[in-house]
Amino acid sequence: MSILVIAEHDNKTLNGATLNVVAAAQKIGGDITVLVAGSGAQAVADQAAKVAGVSKVLLADNAAYAHQLAENVAALVADLGKGYSHILATTTTTGKNVLPRAAALLDVSMISDIIAVESPKTFKRPIYAGNAIATVQSDEAIVVATVRGTAFDPVAAEGGSAAVETVADVQDAGISKFISEEIVKSERPELTAARIVVSGGRGVGSGENYHTVLDPLADKLGAAQGASRAAVDAGFVPNDMQVGQTGKIVAPDLYIAVGISGAIQHLAGMKDSKVIVAINKDEEAPINAVADYWLVGDLNTVVPELVAKL
Amino acid sequence: MKALVAVKRVVDANVKVRVKPDNSGVDLTNVKMSINPFCEIAVEEAVRLKEKGTVSEIVVVSIGPKEAQEQIRSSMALGADRGILVETTDEIGALEVAKILKGIVEQEKPELILLGKQAIDDDSNQVGQMLGALLGAGQGTFASVVNVTGDKVQVTREVDGGLQTVELNLPAIITTDLRLNEPRYAALPNIMKARKKPLDVKSPADYGVSGTTKLKTVKVEPPAERKAGVQVKSVDELVEKLKNEAKVI
């Protein structure tokens, strides 16, 4: 078995989610090659070479891959991927954008968002917003899949010593162009990787109140901040903070849901958290059904009290 | 220009599905079905582009059982001009759907192809990207803003960490994210008018697609149940439990 893992990165740093994919690749078993497609991404390739369990790193360094445009990167992945039994990427927006395109170029079906490896050809994945878990078997020659990072413990970032090989393959479809990006700056830990997440919903009332009430709690716990779709749609916080079926999937040690009722779509994004705390004024809120501890009360008084007592 | 919109008939987003006792799938008998919410956003976007004069005709296509006609009619009630139902009850996957759509695109020659970013039943998030690959067309996935100018389209995409804007040559594929727009409701007169709009019924074989998916669903299980939680009466009790019982802080 030979496995190609597509590295997630920003041309400077290897994204930690890649370590979770390598962990999934180890469960499949076989030689693991990491592909770094980027521009000026030598540092990323060097980091990937140190990852435990990686036997080879391929670096495709070209301006065509600078912004991970799917049209170019998928063509590269399909080209290089022909010789592998498995091609894996993370279930991030980049992985979701690129990998299905590469799979179709290879004329194979793809499995999205695997949460467990049963055998090299059989995997588990959630369907219906996580309300059912399907076991799927692939009869394709090449298994192409995205991996849910939170479902696999990351391998060590240090300890490996893979060789870095440069690939000259340049795929530039010339049909798409990067224009601009707006990346939300945050001093807090990254949402999908955080050990503790503090999330606010419609119940926090306003963007101002979200920060007044929840910032001190997140600061005190060193937590990442999340939100429900209602809070994002109401404009309280930007959409990259959304946790749920259509936002980010998190599974921290502690998830504190404040003013969140707990719609199916939100639960899909956080119900694998180890400990869930719900703070809500509604005793009947569906979130309580998945919470380990729930406290009924006004978040405007409960949360500051909690901050004071931590 | 012509726009093609793909819509899928799925379990209504508010239904809590149950896994069948024999683990063969989820129980869909007598469950409310609807148009996939992301597909509804795709229809709405096409209609808005038509209202702006960018799009002149909207063709809506659905692949699935005979009943998927309902979702095509709903799309027509929102403003689509005509429909194509590719009728099949076979278990087909994203790749087969993309191949059928490719056949339709080659016949209809739309400049804009709109799909939802994912269907809320299989949660795959693949068809738009696969169609892009098969057509050799650009893809603007997870779109929250779409601007057509001349023979190009600028798409602002929702990516992890923020937003990214790309420019694609037409024809291009766009898959919609939740924040692209707020779909309208169909008015009764429009529902009546939609009944008279043309709807062609085809089969996958008409587009040279045969066979089913090579992904076999071995079994479907309910997710692991969480241990029942407890209601705490005070902040003190909560802090105490988190420190000493759960040991997470």
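Reader: Taking exposed as over 50% relative accessible area, buried as under 20% and partly exposed as in between (1.4 Å probe, protein chains only), is Lys109(B) buried or exposed?

Author: Lys109(B) is exposed, at a relative accessible area of 60%. This is a predicted model, in which local features need pLDDT of at least 70, side-chain atom pairs count only at pLDDT 80 or more, and totals for chains, interfaces and linings use all residues. Residues are numbered from 1 along each chain as its sequence is written, chains are lettered from A and ligands numbered from 1 in the order in which they are written, and side-chain values use heavy atoms, with hydrogens and water left out.

Reader: What pLDDT does chain B average?

Author: The average is 96, and 100% of the residues score at least 70; pLDDT is the predictor's confidence in each residue, from 0 to 100. The model scores are ipTM 0.96 and pTM 0.96.

Reader: Back to Lys109(B). Where does that residue lie?

Author: In chain B, Lys109(B) is in the loop between helix 3 (94-108) and strand 6 (112-116). Helices (H or I, at least four residues) and strands (E, at least two) are DSSP runs, numbered from the N terminus. The phi of Lys109(B) is positive, near 50°, in a residue other than glycine.

Reader: And Asn125(B), what is its phi?

Author: About 60°, again positive although Asn125(B) is not a glycine. Asn125(B) sits in the loop between strand 6 and helix 4 (127-135) of chain B, and because its relative accessibility is 5%, Asn125(B) counts as buried.

Reader: Which peptide bond is cis?

Author: One is the bond from Leu170(B) to Pro171(B), with omega near -5°. Pro171(B) belongs to the loop between strand 9 (162-169) and strand 10 (172-176) of chain B.

Reader: Change of topic. How many helices and strands does chain B have?

Author: Chain B has 6 helices and 13 strands. Of its 249 residues, 52% are buried. Its C-alpha trace spans about 65 × 40 × 40 Å along the principal axes.

Reader: Which residues of helix 2 in chain B are buried?

Author: Helix 2 covers residues 69-78, and Gln71(B), Ile72(B), Ser75(B), Met76(B), Ala77(B) and Leu78(B) are buried there. Gly79(B) follows that helix with a positive phi near 140°.

Reader: What does Leu95(B) touch?

Author: Leaving out residues up to four places away in sequence, Leu95(B) touches Ala104(A), Asp107(A), Val108(A), Ser109(A) and Met130(B). Contact means heavy atoms within 4.5 Å. Leu95(B) is in helix 3 of chain B and is buried, at a relative accessible area of 3%.

Reader: Which residues make a nonpolar patch on the surface?

Author: Leu188(B), Ile191(B) and Met192(B) do, with about 280 Å² of accessible area together. Accessible areas come from the Shrake-Rupley method with a 1.4 Å probe, and for residues only the protein chains shown count as cover. Patches are made of residues with over 30% relative accessible area and no salt bridge, with like charges joined within 9 Å and nonpolar side chains (Val, Leu, Ile, Met, Phe, Trp, Tyr) within 5 Å. Leu188(B) is in helix 5 (residues 188-194) of chain B and is exposed, at 60% relative accessible area.

Reader: Are Lys117(B) and Asp177(B) buried or exposed?

Author: Both are buried. Their side chains meet in a salt bridge of 3.3 Å, N to O. Lys117(B) lies in the loop between strand 6 and helix 4 of chain B and Asp177(B) in the loop between strand 10 and helix 5, so this pair ties together parts 60 residues apart in sequence. Elsewhere, salt bridges that share partners join Arg229(A), Asp233(A), Glu158(B) and Arg179(B) into one network.

Note on methods
Salt bridge = Lys/Arg side-chain N within 4 Å of Asp/Glu carboxyl O.
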